[in-house]
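Here is a note to read alongside the model, written as numbered points. Please keep the sequence and the 3D view open as you go through it.

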Amino acid sequence: TPDEPTPRALRRYLAQFLSDPRVIEYPRWLWRIILHGIILNVRPRRSAELYRRIWTPEGSPLLAIMRRQAEGLRRVLRERWSGPLHIEIGMGYGRPAIRDGLEALRRAGCTRILVAPLYPQYSGATTGSTFDAVADTLKTWRWVPEMRLAGPYHDRTDYIECLAASIREAWACNGEPDRLLMSFHGLPKRYLLAGDPYYCHCLKTARLLAERLGLPEGRWLASFQSRFGREEWLRPYTMETLEQWGREGVARVDVVCPGFSADCLETLEEIAITNREAFVEAGGKQYRYIPALNDRADHLAMLAGWLLE
């Protein structure tokens, strides 16, 4: 997350994010020309406007939620773990960085470290990039500690149940929609063709969640958001799906984002605001975004079980 919703802060943040070769798999020389010649001269101002729409008195929603998740996990794990335990957070892009979290653990004297990427579904652009950032830090240490990287949890029963519980609670308060859209962050299609398992993990999460909710085919769909650039990404696209449903006369739609462990720009602005506007303009009547699991008690208990294993 950027430090603040300003063009200057967004330029610094986007330069770091979009320079990651795991995220953008183009020839480096070509991408540097595009990034520094075009994108970083145009996108920071627009992105800053979007971030201002969701910024809070606590600052970035993602960072505030992440801090609450860390503190909640400390409380839960103290009840289930008798040994010494230190928890730090680290952002892949922005501050506090992954390096900052690891250095804090080193100062605390930690000799066994578990890195837990909060990405339910694995992708080289997310979990793989986290590993790269960890390795870049550890290769500067004289004494490398015992290290583990936690795997994805996209099909854990307790994770699926947490998602289902959050949806059932929303439906108990507001009634059930005509359709449920499960929107995941997108990736270029060529990443899938190159062997990235992310698409398959997303579809499995969606199928298991639909089964848990007892939804028949036709009442739910998995889609992919946040498309960037002109090449083909994973389909179907979230916004195109919502616009089509609006034109078809689907009146009530709920959207949930099972690929995000915490709410952020892609959920609070893109899904909750921009996509809602697109659905209503296309003819839809009622649109609701069901929040990410964030620091819900059942989510923290599920994460604690995952980490203890």
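1. A residue is called buried if its relative accessible area is under 20%, exposed if over 50%, and partly exposed in between, using a 1.4 Å probe and protein chains only. This is a predicted model, in which local features need pLDDT of at least 70 and side-chain atom pairs count only at pLDDT 80 or more, while totals for chains, interfaces and linings use all residues. Residues are numbered from 1 along each chain as its sequence is written, and side-chain values use heavy atoms, with hydrogens and water left out. Helices (H or I, at least four residues) and strands (E, at least two) are DSSP runs, numbered from the N terminus.

2. Helix H1 spans residues 7-17, and its buried residues are Ala9, Leu10, Tyr13, Leu14 and Ala15. An α-helix has 3.6 residues a turn, so residues three or four places apart point the same way. The buried residues of H1 pack against helix H2, which covers residues 28-54; contact here and below means heavy atoms within 4.5 Å.

3. Aromatic rings deserve a separate look. Rings of Phe, Tyr and Trp (for Trp, the six-membered ring) are paired if their centres lie within 6.5 Å, and the pair is stacked if the planes are under 30 degrees apart, edge-to-face if over 60, and tilted otherwise. The structure holds 9 such aromatic pairs. In one of them, Phe17 and Tyr93, the ring centres are 4.9 Å apart and the planes stand at 55°, so this pair is tilted. It links distant parts of the chain, since Phe17 belongs to helix H1 whereas Tyr93, 76 residues away, lies in the loop between helix H3 (61-80) and helix H4 (98-107). Phe17 is partly exposed at a relative accessible area of 25%, whereas Tyr93 is buried at 13%. Together with Tyr13, these two residues, Phe17 and Tyr93, form one aromatic cluster.

4. Where does the charged end of Arg227 sit? It sits over the ring of Tyr237, 3.9 Å from the ring centre; the criterion is that NZ of Lys or CZ of Arg is within 6 Å of the ring centre and within 35 degrees of the ring normal.

5. Two packed helices are described by the angle between their axes and the distance between the axes. For helix H9 (residues 238-248) and helix H10 (residues 265-281), the axes come within 8 Å and cross at roughly 40°, where axes are lines fitted to C-alpha atoms, for helices over the stretch in contact, and angles run from 0 to 180 degrees between N-to-C directions. On the H9 side, the contact is made by Thr238, Met239, Leu242, Glu243, Trp245 and Gly246, which meet Ile271, Thr274, Asn275, Ala278 and Phe279 of H10. The residues of this contact divide into 6 nonpolar, 4 polar and 1 charged, with Ala, Val, Leu, Ile, Met, Phe, Trp, Tyr, Cys and Pro counted as nonpolar, Asp, Glu, Lys and Arg as charged, and the others, Gly among them, as polar.

6. Most residues other than glycine have a negative phi, and most peptide bonds are trans. A cis peptide bond with omega about 0° joins Arg95 and Pro96, and Pro96 is in the loop between H3 and H4. The bond from Arg235 to Pro236 is also cis, with omega near 0°, and Pro236 is in the loop between strand S4 (220-225) and H9. Ser226, which is not a glycine, has a positive phi of about 65°; this residue lies in the loop between S4 and H9 and counts as buried at 16% relative accessibility. Asn294, likewise not a glycine, has a positive phi of about 50°, and is found in the loop between strand S6 (286-290) and helix H11 (297-308).

7. Lastly, which residues does Cys264 touch, not counting residues up to four places away in sequence? They are Ile54, Leu62 and Glu269. Cys264 is placed in the loop between strand S5 (252-256) and H10, and is buried with a relative accessible area of 10%. Its C-alpha atom is separated by 8.5 Å from that of Thr1, although Cys264 and Thr1 are 263 residues apart along the chain.
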